[in-house]
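The sequence and the model come first.

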Amino acid sequence: MRGACRHGGRHPGAKATSVRLSPSSTTPEPDQEITLSAEVTPTEAAGTVQFLDGGSTLGEASVADGKAELKTKELSEGNHHIVARFISSDATKFGSSESEPVAVTVRLARFEMFDVESGERLAGTPELQRGQKVKLIIRRCQPNTAFALGMDRNDGTFPGATSDPSGTVTWPELTVPDDAVEGNSAWTVSPGCTDDSGVETVLNTVPFKVPAPPSGSPSGDPSDTPSGDPTGDPTGDPTADPTGDTSGTTSGTTDGGVTSGGSGSGGASPSGGLASTGSQIALFSGIGAVVLVAAGVVFVRFGRRNGLLKFGEPRS
């Protein structure tokens, strides 16, 4: 709110001035610092601005480029009427002036939320975690009135509370539900809270925000996904394959290059067993052929020596 100016007395020939007052807040809380800003016209007017609360001086500040500021925490709880008074440093050039009074009411906040665990006050529209416990205070309500509490976009049940004779209602501990919906939310009050004077608007919600739920998936690759080659897969040659000597891979006897009897352990051929069996068949077949040829040569020699075999004369 800005205070309109009031011209003060001035020296004949001095230029008239005006000053406007703008507080940073007209409803600060006790011990809250506010800034009182004064705007002096014309901007070339030199001097100081006094900031007055009734008959008390809160402080003063020099004017620079038509502006002066004062920061203060000196306002007590209650109603105040603040005035900015410009005092020219050269009354022959510029006259003095005073702003219209601006009403400033110092009082406790309409509502507050505190984290139960830390006791910290949660300012503004806080972000509340699921499962977080908070204390809620609402002031300037109907005295000695029962209030029900709910939560926007949630069907959970919450305890009720009754305001004291001054109109303050307190919920000592509220727990944000685990199924709270992400985004903007609010505590909802029923009936709407208003003071008897009806000066303030009806308060029926206290806003807050709910963050996105934590992801169920771990960050990065899932821990159950193997990296590189799967640990269950054999590396290099399968460990079940025979290396070098093939003893123990087959059983039974060989008759004419045909293998009889069992194959691998448990009746199942190991990986690569067909290639191994083929190599054995080829080897045994070759040995058998050599044995038969040698036996034939011996038989022919034996027959000729003993007259068992006779050959005709060679043809001319």
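Is E98 buried or exposed? E98 is buried, with a relative accessible area of 18%, where buried means under 20% relative accessible area, exposed over 50% and partly exposed in between, computed with a 1.4 Å probe on protein chains only. The model is predicted, and local features need pLDDT of at least 70, side-chain atom pairs count only at pLDDT 80 or more, while totals for chains, interfaces and linings use all residues. Residues are numbered from 1 along each chain as its sequence is written, and side-chain values use heavy atoms, with hydrogens and water left out.

The structure holds eight salt bridges, a salt bridge being a side-chain nitrogen of Lys or Arg within 4 Å of a carboxyl oxygen of Asp or Glu. Three of them, including the bridge made by E98, are listed here.

| Salt bridge | N to O distance |
|---|---|
| E29 and R121 | 2.9 Å |
| E98 and R85 | 2.8 Å |
| R121 and E112 | 3.2 Å |

E98 forms its salt bridge with R85; this pair links distant parts of the chain, with E98 in strand β8 (residues 97-99) and R85 in strand β7 (residues 78-88), 13 residues apart. Strands are DSSP runs (E, at least two residues), numbered from the N terminus. In contrast to the buried E98, R85 counts as partly exposed at 33% relative accessibility.

The side chain of R121 meets that of E112 in a salt bridge, and E112 counts as buried at 9% relative accessibility, whereas R121 is partly exposed, with a relative accessible area of 35%. Through shared partners, salt bridges join E29, E112, R121 and R139 into one network.

Terms used. Helices (H or I, at least four residues) and strands (E, at least two) are DSSP runs, numbered from the N terminus.
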